[in-house]
Amino acid sequence: MPKGELPDLTFSASLSRRLEDAAAIMRSHRGFVRIFSHYDPDGIGSAAVACQMVKNLGLGFQATLSHKLDDAMLDEIRSSTPPEHLLLFTDMGSSKVSLLDEFPNSVIVIDHHQPEKEGQRIIHLNPHLFGIDGAREASASTFSIGLAVTLDKANWKMVGPALAGAVGDRQNLGGFRGYNEDLVIAAAGRELVKLETGPNLKGRTIYDSMLEHPEPYFRGITGRKRETSRLVKWLGLEKETQLNQLDEEKKRFLTSICAMRLLRQGATPEATGDLVMTRYWIHDWEMYADQLSSLFNSCSRQGEQGLGLALALGDKAALEKAMEHERVHREFILQNLRELEVEPPKAMKNIQYFKTAEVNYAGVLAGLGALYFFDNSKPTFGAAEKDGALHLSARAPRSLVKAGLNLGLACKSAAEKVSGAGGGHDIAAGATFPVDAEKKFLKELDRIVGEQLGN
Ligand code: C5P
């Protein structure tokens, strides 16, 4: 890189061509743009990148965040959108390529879920189509940055929300890799992001971290004032002690005690390994990518994804409201995790399963439980009922994926057996099906998972 020049992302030849195709369509577009995105942090991050890049082109736009992109929604979009509008899908669309190919509109899809196929008419930007692992190496929001900076270098400023999106999909666990790592290195070179490695304790004080933060989750401690006070005292610390007040030796002691507790409660190796973590400080936001991600997540889980998007686009007034949502969000999670300690998921031969009241929280609880204290020899399925349907979220430790588990395929096949729909990644997936098919679905799921794991 010549002296004085800012670092950039480099792309493979095929990805570069596809990005240029997408950029050419956007540059020549003169009408309105409709942006559709998933409601979760990666959806919020990618929608924000998309909104910003469209705004920088001087185009009018409308963004819609939703739980899923199904055939009914596609019908609705088709009938309500004039053919001259450009359609931009982020964090969704790759499983609907056949239908999108038949739209009269120009369509760009930026998604990282397993693609149905490449497509003919649409411009399809999905890491899987370019030899990049969309589950771990690129999220929809980090991939969206690729297009955004191809269009205009000014869009680099959206790298913070993009990284927050990737953190939301847990792609930072064990450190960003592949495409994401290249993005972080370039962003750090541009002084947009700073990397810091240390114990993953996110609260203002060590006591706050252990008491209020669901990650890392210490069984019997987190969410309990008396027990947290006792542990902090035993560690020789005050309630007010902050992490940055400890010398390196004390930090190491604290980290080893935390690691020992996690190992004893049956946490996965990835959860224990991530006790020491690289965090990404976003200068423009004056917060870490994981903090921004947690704010997005709190908004979306409480049905306030629009607020999350406003926050991602830099609306300062949205920050205070989002922080209040985060407080409520954490309390709900901690209460449910405490309950799951007392009443763990029901074990079947190859899977474990629990039900919860809030449909938006099944995935969060399944993910945290699976990481920190459930039986990690089986994948976890959390379900909640809404409008006569069961919405199920599936999560698993990496060891099971290495052993052959693919939750996305398992959820898809089992759901199709009971007139439902499902899919997702090998490590995190979901399904929706009629409530009365619960038993049949679980039996089929248990069978498929057993087959995948060769049990
Ligand atoms: O809802 P949840 O966060 O558990 O979803 C996990 C993953 O499974 C997401 O990537 C989502 O797109 C996918 N999923 C799916 N079909 C469903 C439900 C979830 O493909 N019916």
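Reader: How many of the residues of strand β1 (residues 33-38) are buried?

Author: This is a predicted model, in which local features need pLDDT of at least 70 and side-chain atom pairs count only at pLDDT 80 or more, while totals for chains, interfaces and linings use all residues. Residues are numbered from 1 along each chain as its sequence is written. A residue is buried if 20 or more other C-beta atoms lie within 10 Å of its own, exposed if 12 or fewer, and partly exposed in between, with C-beta atoms placed from the backbone. Strands (E, at least two residues) and helices (H or I, at least four) are DSSP runs, numbered from the N terminus. In β1, six of six residues are buried, and the strand is mostly covered. Val-33, Ile-35 and Ser-37 point one way, Arg-34, Phe-36 and His-38 the other way, and all are buried.

Reader: Which strand do bridges join to β1?

Author: Two strands pair if DSSP finds at least two bridges between them. Strand β2 (residues 61-66) runs parallel to β1, and six bridges join them. Val-33 stands opposite Phe-61 in β2.

Reader: Which residues have the most contacts inside the largest nonpolar core?

Author: A nonpolar core is a set of buried Ala, Val, Leu, Ile, Met, Phe, Trp, Tyr and Cys residues joined through C-beta atoms within 7 Å. The largest one here has 74 residues, and Ala-47, Val-159 and Leu-163 have the most contacts inside it. Helix α2 (residues 41-56) gives the most to this core, with eight residues. Domain bounds come from an automatic or database domain assignment. Domain 1 (13-189) and domain 2 (198-332) each give at least three residues to this core.

Reader: What is Ala-47 in contact with, leaving aside its neighbours within four places in sequence?

Author: Two residues are in contact if their C-beta atoms, placed from the backbone, lie within 7 Å. For Ala-47 the partners are Ile-35, Ser-37, Ala-63, Leu-65, Thr-90 and Leu-309. There is also a second, separate core of 58 residues, which includes Val-359, Leu-390, Leu-407 and Ala-415.

Reader: How is the chain divided into domains?

Author: The assignment gives domain 1 (13-189), domain 2 (198-332) and domain 3 (344-452). The centres of domain 1 and domain 3, taken over C-alpha atoms, are 27 Å apart. Four residues from domain 1 and six residues from domain 3 make up the contact.

Reader: What is the strand order in the open sheet of six strands?

Author: The order is β9-β10-β11-β12-β14-β13, and the pairing is mixed. At the edges are β9 (346-347) and β13, each pairing on one side only. Strand β12 (residues 389-395) and β14 run antiparallel and are joined by seven bridges. His-391 stands opposite Thr-432 in β14.

Reader: Why is one side of β6 and of β8 left without a neighbour in the sheet?

Author: The open sheet of three strands has the order β6-β7-β8, with antiparallel pairing. β6 (193-199) and β8 (287-288) stand at its edges with a single partner strand each, so one side of each has no neighbour in the sheet.

Reader: Which residues around the ligand are the closest?

Author: A residue is near a molecule if its C-beta atom, placed from the backbone, lies within 6 Å of it. Of the 13 residues that surround the ligand, the closest are Gly-363, Ser-393, Gly-423, Gly-424 and Gly-430. β13 (421-424) and β14 (428-434) are the elements that give two or more residues to this shell, and β14 gives the most, with five.
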